[in-house]
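Hi everyone, thanks for making the time. Let's bring the structure up on the screen and walk through a few spots together.

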Amino acid sequence: MDSVLETATPIFAGIVKDDRSGDVINNALDFVRSHLGMEVAYLSEFVEDELIFRAVSAPGLQEMIDVGDTMPLDQVYCPHILDGRLPELIPDTADIPFAQTIALTHDLPIRSHVSVPIRRKDGSTYGMFCCLSRQPQKDLNGRDLDVMRAFAQISSEQINDSLSLQIRQQNLRRLFRGLQAQKDFDVVYQPIMDISTQSPKGFEALCRFRGEPYRPPNVWFDEAAEVGQQANLEICVMEAALNALHSLPDHIYISVNASPATVETGRLCDVFAQFPAERIVLEVTEHAEIADVDLLMKELSILRMKGIRLAVDDAGAGYSGLQQIVRLRPDIIKLDISLTKDIDQDVVRRSLGAALVNFACMTNTLVVAEGIETEQELETLKSLCVPLGQGYLLGRPGDLQQAKAWFDPKSKLSA
């Protein structure tokens with residue numbers, strides 16, 4: 001039996017080597033091997049003209065058969081069982097003349113054998129769920145075959161779930177490669193306004209994907225993370241967004257969003273080096289667990305030494321938002337929409353807003369109120385000395401031409 005390259009196909013890498021699916025299959029093999037009194041149980045996959053052993057239960061016989069080993073399909077029982085030349089249940093190969101013509105029967109030797117096919121959802125054969133022994137098992141019967149079929153079905157469900165996941169991930173990887181190559185998205189810019197003068201101080205860059213069916217941007221980025229493309233996609237969007245700096249006045253900044261995982265790659269220094277650092281604000285989006293806090297802090301420190309300013313959102317939205325402020329010590333605090341909404345009508349919101357403004361003054365930090373939608377909210381925030389605001393009342397997201405219009409004397413936006 002030849003030793004193998006496990007990379008012949010990646011299908012099973014996500015099944016047996018992972019948690020639950022692999023446990024289910026290995027437990028099934030252990031059970032049927034013990035239940036039938038056999039020496040070896042395995043699950044195989046057919047890859048071109050080879051059989052690859054994907055899961056094996058064979059205590060003490062690893063030198064004979066192990067995960068990753070291969071055999072030519074024309075040397076094993078499987079094709080003959082599928083074509084009906086051999087039965088699925090063989091209590092004693094000595095009783096089956098055709099089995100005696102197969103070299104493997106004598107080489108191992110194989111004296112008893114039970115094998116049923118594993119089917120993909122489209123009906124094609126994935127491989128076989130099999131037990132064998134070097135001793136005859138004369139008492140094997142139809143009930144034993146039913147047991148094998150039941151556990152083969154359980155394994156088949158696990159495999160098909162993993163196959164479906166793999167196909168989904170292959171499609172997503174293909175999608176994101178094409179999306180990034182073609183830049184199949186639009187960047188829109190929402191103004192961040194001086195509340196007193198109601199003139200733009202900067203813009204937050206937001207991404208709108210063109211692909212169908214429509215999905216919110218966070219779903220696109222979550223799917224990119226699922227297939228290891230999150231950093232690539234975020235950087236692609238950031239570079240497109242920051243190119244607008246060349247078209248906007250020198251005193252205007254652009255705020256771009258990045259996940260902690262993207263920051264931790266260490267790639268942002270090179271990305272931001274193409275643009276004036278003092279006009280870049282990096283907004284860290286923390287909607288997933290940070291993998292390495294120390295690495296994140298190190299990379300953020302490097303960026304800030306280059307002149308990049310750091311913003312955090314969700315301030316006032318709960319404990320995690322406040323924890324983020326304490327941990328990251330940002331240059332800009334963005335008051336969450338849950339705090340600014342109806343702040344004119346709610347004394348608790350006003351009190352918390354005032355406390356955060358006071359904190360910002362003491363720490364030399366800017367405050368941006370997000371989600372401003374009414375004149376009453378705006379006036380209340382102004383009375384609390386919140387310097388900057390963002391929301392539909394002040395300006396909706398628009399393309400670069402609309403962003404530039406804020407500074408065109410002939411435009412109504414600049415009036």
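Predicted model: local features only at pLDDT ≥ 70, side-chain atom pairs only at ≥ 80, totals over all residues.

Lys 183 sits in the loop between H5 and strand S7, which covers residues 185-194. Why point out that phi? Because most residues other than glycine have a negative phi, and here we have a positive value in a residue other than glycine.

Now go back along H5 itself. The helix has 41 residues and reaches 58 Å from its first C-alpha to its last, close to the 60 Å expected at 1.5 Å a residue. At its N-terminal end, H5 is capped by Asn 141, with a side-chain oxygen 2.9 Å from the backbone nitrogen of Arg 143.

Next, what does H5 meet in H6? On the H5 side, we have Leu 165, Arg 168, Gln 169, Leu 172, Leu 175, Phe 176 and Leu 179, and they meet Trp 220, Glu 223, Ala 224 and Glu 226 in H6. Sorted by class, that contact has seven nonpolar, one polar and three charged residues.

As for geometry, two packed helices are described by the angle between their axes and the distance between the axes. The axes of H5, residues 142-182, and H6, residues 217-226, come within 9 Å and cross at roughly 115°. Angles of 65 to 115 degrees count as roughly perpendicular, and H5 and H6 are therefore roughly perpendicular to each other. Their crossing is left-handed.

H6 has another partner, helix H7, residues 230-242, and the two axes come within 7 Å, crossing at roughly 135°. So this pair is oblique. From H6, Trp 220, Phe 221, Ala 224 and Ala 225 meet Gln 230, Leu 233, Glu 234 and Val 237 in H7. By class, there are six nonpolar, one polar and one charged residues in that contact.

Last stop, the prolines. Most peptide bonds are trans, but the one from Leu 108 to Pro 109 is cis, with omega near -5°. You'll find Pro 109 in the loop between helix H4 (103-107) and strand S5 (112-119). Glu 212 and Pro 213 are also joined by a cis peptide bond, with omega about -5°. Pro 213 lies in the loop between strand S8 (199-209) and H6, which brings us back to our helices.

Thanks, everyone!

Key:
Residues numbered from 1 in each chain as written. Heavy atoms only, no water. Axes fitted to C-alpha atoms, helices over the stretch in contact; angles between N-to-C directions. Helix = DSSP H or I, 4+ residues; strand = E, 2+ residues; numbered from the N terminus. Parallel < 35°, antiparallel > 145°, perpendicular 65-115°, else oblique. Left-handed = near helix turned anticlockwise from the far one by under 90°. Contact = heavy atoms within 4.5 Å. Nonpolar A, V, L, I, M, F, W, Y, C, P; charged D, E, K, R; others polar. Expected span 1.5 Å × (residues − 1). Polar contact = N/O pair within 3.5 Å; in protein donor to acceptor, adjacent residues only side chain to side chain.
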